[in-house]
Amino acid sequence: MTRRPMHLIRRSAPTLVAVAHGSRDPQALHTVLDLLDRVRELRPALDVRLGHIELNEPLLPDTLDGIGQGDAVLVPLLLGRGHHVRHDLPLAAAAAEHLRTRVAAPLGPHPLLVEALYERLVEAGWQDQDGSSRATAVVLAAAGSRDPDSDVDARRTAALLSDRLGGVPVVPAYASAATPDIPAALRALAARGRHRVALASYFTAPGRFATVSAAAAPGIAAAPLGAHPAMARLLLHRYDQALTGGAPGFGALAHPPLLASA
């Protein structure tokens, strides 16, 4: 049998492992699965799998064990830097000794996230003319982290969203672990005469923090980012970025670089 030269053999693309945090809210898993279906529609030949850090199955180690020998890129469905991105994902990747792995950057900050945030606000009732009022503002509701870089990332996203809204003030606020919380952010905005405040939900999927944040909103409360088309495009962007070495350095490289076609 004639064998093709090695340099002409196209290697299969590394598996994309989307890493979700996990939630007791059953809608969270449904939302993430819908998002991954969108990713598969955009790149049908790519092996796309899901692993959770906690609370939901499959857990990440089980997903990695199920891949078998080969290459994988772990793409966190997390919106900024923090303990999970810096520590948990690299440790899980290193423990999967049968795989050659990379950990991609978190999803945010990125303009595609801002587009999804904007469109979720519009779906909830935001109108562009609302931005002309001196009484209007937006709270960017996020989960929160003790990692100061997480706050830096959220503030960068808030600034990008403010630009997208034509200069409307956008203030990040947190459901846990960081300040200000949402009531404090609302009080601070009211003290500046900003009484018409919409809430942008900076969460990948429904869950306890997203629900509590929405309940505190005095007006428009947007839905989580969910399976928005921009989110699917961003997952693939982070995957490709990790393969080409373009991801920021806080995603640890657990094994040697992957040499594969995406």
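Tutor: The axes of helix 4 (residues 111-124) and helix 5 (residues 148-164) come within 9 Å and cross at roughly 55°, where helices are DSSP runs of H or I with at least four residues, numbered from the N terminus, and axes are lines fitted to C-alpha atoms over the stretch in contact, with angles running from 0 to 180 degrees between N-to-C directions. That makes helix 4 oblique to helix 5, since angles under 35 degrees count as roughly parallel, over 145 as roughly antiparallel, 65 to 115 as roughly perpendicular and the rest as oblique. This is a predicted model, in which local features need pLDDT of at least 70 and side-chain atom pairs count only at pLDDT 80 or more, while totals for chains, interfaces and linings use all residues. Residues are numbered from 1 along each chain as its sequence is written, and side-chain values use heavy atoms, with hydrogens and water left out.

The crossing of helix 4 past helix 5 is right-handed, meaning that the near helix is turned clockwise from the far one by less than a right angle. On the helix 4 side, V114, E115, L117, Y118 and L121 meet T157, L160, L161 and R164 of helix 5, contact being heavy atoms within 4.5 Å. The residues of this contact divide into six nonpolar, one polar and two charged, where Ala, Val, Leu, Ile, Met, Phe, Trp, Tyr, Cys and Pro count as nonpolar, Asp, Glu, Lys and Arg as charged, and the others, Gly among them, as polar.

Elsewhere in the model, an open sheet of four strands has the order 2-1-3-4 with parallel pairing, and its twist averages 30° from one strand to the next.

Methods:
Helix = DSSP H or I, 4+ residues; strand = E, 2+ residues; numbered from the N terminus. Pairing = 2+ DSSP bridges.
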